[in-house]
Every structure is written in C-alpha cells, then in structure tokens.
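Me: Please take a close look at a single part of this protein. I would like one connected account, with the cut-offs behind each term.

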Amino acid sequence: MRSGYLRNVFKKCLQIDARIDIKQRNQMYIRTRSRLVRDMITACLILLVVYVLNYHYNMDGKMETILSRTVDNFCMTFGGLLTLQFTTLVLALQQRYQHFNEEILRYFKLKSSDNLPRYLENSEVTFINRNKYLTTGAEIDEIHKLRSIRLMHFELYDCVVLINDYYGLPILLFIISSTISCVACLYYAVYFIDLNYVIFIFSGIFFTTSYVMVFVLITTCCHQTAQEANKTAMYVQRIKALPGLQCRTVLELQNLSEQLREMRIEFSAWGFFRLDLSFLSTIIGGVITYILVMIQLN
C-alpha cells in the first residue's frame, strides 16, 4: 500500500509536467539530475568515511562486533538513501512551484524585479486584457487559463500530501534516532578532549557534523519549497489590485486566493512538527543543551 503513495507522487508529477512547455520541462529534468548526481557523490564519500571509522576504531575481531558494525552501517546507509530520495522529491516540487509562479506572472505580464513586483503603477503594469470592454472570446480564454492554474495547484498540493503521508513516519524516526546519535557523538568528542585522543575527537566531530548536515539539508529543502509555494498568494493579491479587471476574472482570482489560503503548503514529520528553519534551530539548541547538562553532571 505504501508503494502506491510513491507511485501516485510520480504520476501526479507527470500530469503536472504535461502542462509545462517541453523546453522548460527538459531544463527542470537536467537540473534535477545534476543535483541528484552531486548529492549521491557527496553521500557516497561521507558513507565511505563512516564505514572506515566504524570498522577501524570499533573492531576487535569478534563476530558480535562485526555484526553490530554492519547493522550500524546498514542503518546509516538506509537513512542516507531515505534523506536523498525525500529531498530530491521536495526540490523537484520546488522547481514546479517556481514554474507555477512564473506562469502567473507571465500571463499577466507584470514588470518585476527578481520575479517579485515591488510596486504597481499604471504606467508600469501591462495586463493582457486591460481594456474593460473585453470580447466574449478573450474573457472566456482568460477564465480558462485561470482555472487551468487552479487545477495545477490542486495537483501540486496532492503531491505534497502524498509525500507527507509516505515519508512522514520514516523521517520522524530518522530524526529521533539521528538526534540521539548526534548528542552521543558530540559528547563522545567532548569527553576525549581532556584525554587528548585526537583520533576519537575527530571521529566524534565528524559524525556530529554529518548528522547536522542531514538536518540542514532536510529543513532547508522543505522551507524553501514551502516559501516558494506560498508566494503565489501574494502574487494573486497584487494582480487583484490591477485596474480594468472583468467581474468574472476577479471572481476566479478570488476563488484562487481562497484555494491558496485553505491549502497552504508545509512539510511535517508525521504531523508532529513542521520541517522548516525554526525546527532546525530547535534541534541545534536542544543538542547543545543536552551536552551542557551532561558535561555539568560529568
């Protein structure tokens, strides 16, 4: 059943991509592949160092130790693959939300700086059907385009819901286990500072840094995608302020605005907490607090 979630995510993405121009679609595919290759190379290098440290510093020749290190390495590999798959899908959605916002701005031909209108003046705004005496065909075409934009937003929102449902519990368990391991590794490094064991200090710092990098990757991807998705509401409100809009166009814009307000985009770990920059600061603050308490209690 859970495999059906992932299948539906890809199916929804294909439906969205069918609405995108083939040139822009190929550019998105190229950016996604290049980022995926880069992230895979980085993950492989980090996991290679993790394997070496695990087997070199914790190996005493006993079968129990070998099995324990093998299980640890397998869990780390699974966590790395889970994170890579999750962030790749989230960033792929971010590119589609960017295209979604660009389509809105391109359709209404707003002059902007960095795709964000800073102010609106009659002399600096060109609206496709700015003349309030629209022909029936032009008005109908405008309504159809707005409804197409609404349907695209529905499909993007469905993808976010499916991703949250599929990855929510695994991400929650991964974050809990990684937080515990991060605290243990950091304390491990601090403990051996007094003993001047450089190798063990390096090992603890390396593992801690790896976990923090994973936290940063997950939270920044989710935060950036949510921010890009929620920009649309601001664009729609600015467009509604344009002069010369027809009543049916204003009604469609109002429906789109209500849809965006009711269907805000956010990523969460099985509903327990949102994955954004505030969560990252909470995790880092919690880890540092635990370390200080453990050091004070010796």
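Reply:

The buried residues of α7 are Phe-279, Leu-280, Ile-283, Val-287 and Ile-291, where buried means under 20% relative accessible area, exposed over 50% and partly exposed in between, with a 1.4 Å probe and protein chains only. These residues lie on the same side of α7, because they cover an arc of only 110° around the axis; the arc is that of the directions from the helix axis to the C-beta atoms. On the face turned away from this buried side, α7 carries the exposed residues Thr-282 and Gln-296.

The model is predicted: local features need pLDDT of at least 70 and side-chain atom pairs count only at pLDDT 80 or more, while totals for chains, interfaces and linings use all residues. Residues are numbered from 1 along each chain as its sequence is written, and side-chain values use heavy atoms, with hydrogens and water left out.

Helix α7 spans residues 277–296, which is 20 residues. From its first C-alpha to its last it reaches 29 Å, close to the 28 Å expected at 1.5 Å a residue; the expected span is 1.5 Å times one less than the number of residues. Helices are DSSP runs of H or I with at least four residues, strands are runs of E with at least two, and both are numbered from the N terminus.

UniProt, in an unreviewed entry, lists residues 271–295 as a "transmembrane region", along with 36–54, 74–93, 171–191 and 197–218. Its positions are given in the numbering used here, feature names are shortened, and annotations may be inferred rather than shown by experiment. Over residues 36–54 the model is 100% helix and 0% strand, with the end C-alpha atoms 26 Å apart. Residues 171–191 are also 100% helix and 0% strand, and their end C-alpha atoms lie 30 Å apart.

Of its 298 residues, 40% count as buried. Contact means heavy atoms within 4.5 Å; among contacts with a separation of 6 or more, 79% are between residues 24 or more positions apart.

Another helix, α5 (residues 198–240), holds Thr-225, which is buried with a relative accessible area of 0%. Leaving aside neighbours within four places in sequence, Thr-225 is in contact with Val-90, Leu-93, Gln-94, Tyr-97 and Phe-267. The side chain of Thr-225 also reaches the backbone oxygen of Val-90 at 3.2 Å.

Definitions and conventions. Polar contact = N/O pair within 3.5 Å; in protein donor to acceptor, adjacent residues only side chain to side chain.
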